[in-house]
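Good morning, and thank you for joining. Please have the structure open as I speak.

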Amino acid sequence: MKRIPTNIITGFLGAGKTTSILSLLARKPEHEKWAILINEFGNVGVDGAILEQQGAIIKEVPGGCMCCVAGLPMSVGINALLAQKPDRLLLEPTGLGHPKEVIHKLTSESYRNYVDLRATITVVDPRHFADSVYTDNVNFQDQLALADVVVANKIDQCDDFDLYTFQTAMEKAEPKKALIAEVEHGRLELEWLDIERTDRQAQHSHHHHEHDQTEPLPELELAPGQQFIRKENHGQGYHSCGWFFAADQLFEFSKLFSLFSNLSANRIKAVVNTENGCFAFNVVNQVVSVNELSLEGFESRIEVIDNEILPWDELEKILCSITANTIAK
């Protein structure tokens, strides 16, 4: 088979990786078939449901960073996608992931005859460059170090100092990046995908996370009469809690929006059935973005990530209190 053009698209939590991939999918050549391997820190798989709306072939590796599960689960996902003979393969590691082992896997003897690994693209929020929570994080540093292309996203939300801090950091990058760009709403250009990859060195040795997996996680499936499943995860100093709700459970849109707006968490992602239809929620620093989806009969998925253990039981009670059964009463 021909070698499939492949890109890794990285970026820390909330930088806009999924939005960027959605932008690419919306403008891909109509005759091309794209495949995406998605890796999420949480266990309920929100991003896959969103990206499937654009007609891509999706496989998910949930429950930890792909670099730590670069054995069986990652190989199974890549092999399944390559078997579909796509025109392009994209890999989206979790925002807490380290791309070093992913690059090593894709350039190994097992894949070099099947995968044409091109530019690694790292999406960043320029506001993070003045915040030591990000700049001191070794994964943030190495996502930048291993990037061939660095894209400053959300520049419409940045001030001059944010952009100056980002640009100053990029001027110091060695070796120089193939491309440094600034965009709004994750608008990556298609031609950036074909920029050649350069061998680059990470600044730090990679340490496996506490949730290292050797087997693929089982598919989420509700038992008869079960209304939801809850899954938790932790590693890299972060904690996640996710809920997978039955398709017949509808949430009240206004109350859910209010809850997400007031919940102090680093990151919230959700695909939720409401009385007004299905919506994707994307929350960073209590700023909520909403997009309507054309899904029907879909199980709602909500994932909350923070560097502290939040009152998950209390949050669960609130979520259960704003479902359709409660609305009807």
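Both faces of strand β14 are covered: S300, I302, V304 and D306 on one side, and R301, E303 and I305 on the other, are all buried. Buried here means under 20% relative accessible area, with exposed over 50% and partly exposed in between, using a 1.4 Å probe and protein chains only. Seven of the seven residues of β14 are thus buried. In general, side chains in a regular strand alternate between the two faces of the sheet.

Before going further, I note that this is a predicted model, in which local features need pLDDT of at least 70 and side-chain atom pairs count only at pLDDT 80 or more, while totals for chains, interfaces and linings use all residues. Residues are numbered from 1 along each chain as its sequence is written, and side-chain values use heavy atoms, leaving out hydrogens and water.

Where does β14 sit in its sheet? The sheet is open, has six strands in the order β9-β10-β14-β11-β12-β13, and is paired in the antiparallel sense. The edge strands, each pairing on one side only, are β9 (228–235) and β13 (287–293). On average, neighbouring strands are turned by 15° against each other, direction ignored. Helices (H or I, at least four residues) and strands (E, at least two) are DSSP runs numbered from the N terminus, and two strands pair if DSSP finds at least two bridges between them.

Consider the two neighbours of β14. With β10 there are seven antiparallel bridges, and F244 stands opposite R301. With β11 (residues 267–274) there are five bridges, again antiparallel; here V271 stands opposite R301, and I268 has V304 as its bridge partner.

Strand β12 is mostly covered, with six of its eight residues buried.

Helix α8 (residues 253–262) lies across β11, β12 (277–284), β13 and β14, running at about 10° to β12. Helix α9 (residues 312–321) lies across β9, β10 (238–245) and β14, at about 25° to β10. Contact means heavy atoms within 4.5 Å; axes are lines fitted to C-alpha atoms, for helices over the stretch in contact, and angles run from 0 to 180 degrees between N-to-C directions.

Finally, the largest pocket. About 830 Å³ of space lies in it. Of the 40 residues that line it, the closest to its centre are G16, T19, R267, N282 and S289. A pocket is an open set of points on a 1 Å grid over the protein atoms alone, with protein on both sides within 12 Å along at least five of seven lines; lining residues have an atom within 4 Å of a point. The volume is the space filled by probe spheres set on the points, which are joined across faces, edges and corners.

Which elements supply the lining with at least two residues each? They are α1 (17–27), α2 (46–51), β11, β12 and β13, and α1 gives the most, with five.

Notes
1 Å grid on protein atoms, 1.4 Å probe; cavity = no way out; pocket = protein on both sides within 12 Å on 5 of 7 lines; lining within 4 Å.
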